[in-house]
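Dear colleague,

I am passing on a structure that you have not worked with before, and my notes on it follow below. Please look through the sequence and the model first, and then read on.

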Amino acid sequence: MPCYTFLYNHASESMRAKIDQREQQVAEAEAAKPSGDKKSLAGRARHAVRNTFITKHLVNLFIKNMSAHDENEG
């Protein structure tokens with residue numbers, strides 16, 4: 001997932017730590033209950049964390065760009 005990787009690599013240290021912690025929790029839950037349903041649940045949770053992260057950063061970039069555009073216009 002190139003977009004996720006790019007944003008993750010450019011995120012703040014604290015944001016990366018939060019993401020790493022959540023992904024570790026998912027991996028631990030997956031290892032504790034090795035069932036097909038749990039694995040798919042863990043995959044969905046990991047996917048949700050990544051999508052939330054990407055969406056948050058895209059919204060922030062949009063707001064930042066709109067603010068810069070408004071300043072240039074004004």
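**A pair within helix H2**

Glu13 and Arg16 are 3 residues apart in helix H2, so about one helical turn separates them; helices here are DSSP runs of H or I with at least four residues, strands are runs of E with at least two, and both are numbered from the N terminus. Please keep in mind that this is a predicted model, in which local features need pLDDT of at least 70 and side-chain atom pairs count only at pLDDT 80 or more, while totals for chains, interfaces and linings use all residues. Residues are numbered from 1 along each chain as its sequence is written, and side-chain values use heavy atoms, with hydrogens and water left out.

Glu13 forms a salt bridge with Arg16, and the closest N and O atoms of the two are 2.4 Å apart; a salt bridge is a side-chain nitrogen of Lys or Arg within 4 Å of a carboxyl oxygen of Asp or Glu. In general, side chains of opposite charge can pair when their charged atoms come close. Glu13 is exposed, with a relative accessible area of 58%, whereas Arg16 is buried at 18%, where buried means under 20% relative accessible area, exposed over 50%, and partly exposed in between (1.4 Å probe, protein chains only). Leaving aside residues up to four places away in sequence, Arg16 touches Tyr8, Asn9 and Ala11, a contact being heavy atoms within 4.5 Å.

**A pair between two helices**

The side chains of Glu23 and Arg50 meet in a salt bridge, at 3.1 Å from N to O. This pair links distant parts of the chain, since Glu23 lies in helix H2 and Arg50 in helix H3, 27 residues apart. Glu23 is buried, with a relative accessible area of 16%, while Arg50 is partly exposed, with a relative accessible area of 24%. When residues up to four places away in sequence are not counted, Glu23 touches Tyr4 and Arg46 as well as Arg50.

**The chain as a whole**

Of the 74 residues of the protein chain, 19% count as buried. Among contacts in the protein chain between residues at least 6 apart in sequence, 59% join residues at least 24 apart.

**The surface**

The protein chain exposes about 5700 Å², of which carbon and sulfur atoms supply 57%; accessible areas come from the Shrake-Rupley method with a 1.4 Å probe, and for residues only the protein chains shown count as cover. Which residues form a nonpolar patch on the surface? They are Val59, Phe62, Ile63 and Met66, which together have about 380 Å² of accessible area. Patches are made of residues with over 30% relative accessible area and no salt bridge, with like charges joined within 9 Å and nonpolar side chains (Val, Leu, Ile, Met, Phe, Trp, Tyr) within 5 Å.

With kind regards
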